[in-house]
Amino acid sequence: MFSLVCAGGSLGLAWLSPVVPLWAPLRSVALLLAWIVLPLASVLVPVLLLRRVPRKQRKVAWQLVVPVVAGVALGIFGTGAGDLVALAERGEWADAVVVRKDDAKTNYCDLRMVGGREISPSLSEGDGCRDWVEVGDKLRVRYDPAGVASPTTDVERSSDAGLLAVLFGLAVLMGTWGGVRQSRWDREYVPA
């Protein structure tokens, strides 16, 4: 049950953050909860609360690693799915000019509309800031006027709904199985 709450909370917060244009500090807290706190809670709560045995006799179920990884992935891919919903609801197409390009490990392009208004946040490499894009290039982008969802040049992007469903199922199934095994081991080790 706790795995269901953590996985659902992680996906819900990550998806909700771009869909509802939250105040920036609140959005940051929601993403921190979705990407780190809830996935870790899906492991730490069963390990710490279900453990009534001396430390030397403790076992950690390997199944509890899967909900952490799946929870982090739910947070990341859920944010992407939320970006798509936000762009579908309130996104607008505009012609933009690349005013600055950051060529780090992942490319990021700062954009400004042809009329001079800045588009925020930056365009990432996966959304259209490819290696061949240079400062001064014109791009047609779909952007969020509220400045919450990431802009994109792609007309049709996948929402990864199938991947999110698989990750959610893995987090719940493996977290529940690991928690049940932990509880069973506790009953074996507790003296009568």
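**Reading a pocket and a disulfide**

Modeller: Let's start with the largest pocket, which has a volume of about 490 Å³. Keep in mind that this is a predicted model.

Colleague: How does the lining of the largest pocket split by class?

Modeller: There are ten nonpolar and ten polar residues, and the other class, charged, has five.

Colleague: Now the cysteines. How do I read a disulfide here, and what does the count come to?

Modeller: The idea is to look for two cysteine sulfur atoms within 2.5 Å of each other. By that rule the count comes to one disulfide. Cys 109 is joined to Cys 129, with 1.9 Å from S to S.

Colleague: Which parts does the pair tie together?

Modeller: Cys 109 sits in strand β2 (residues 107-113), while Cys 129 is in the loop between β3 (118-124) and β4 (138-143), so the link ties together parts that are 20 residues apart in sequence.

Colleague: What about the handedness of the link between Cys 109 and Cys 129?

Modeller: Right-handed, with 65° about the S-S bond.

Colleague: Last one: are Cys 109 and Cys 129 buried or exposed?

Modeller: Cys 109 and Cys 129 are both buried, and the cut-off for that is under 20% relative accessible area.

Methods:
Residues numbered from 1 in each chain as written. Predicted model: local features only at pLDDT ≥ 70, side-chain atom pairs only at ≥ 80, totals over all residues. Heavy atoms only, no water. Helix = DSSP H or I, 4+ residues; strand = E, 2+ residues; numbered from the N terminus. Buried < 20%, exposed > 50% of the residue type's maximum accessible area, 1.4 Å probe, protein only. 1 Å grid on protein atoms, 1.4 Å probe; cavity = no way out; pocket = protein on both sides within 12 Å on 5 of 7 lines; lining within 4 Å. Points joined across faces, edges and corners; volume = space filled by probe spheres on them. Nonpolar A, V, L, I, M, F, W, Y, C, P; charged D, E, K, R; others polar.
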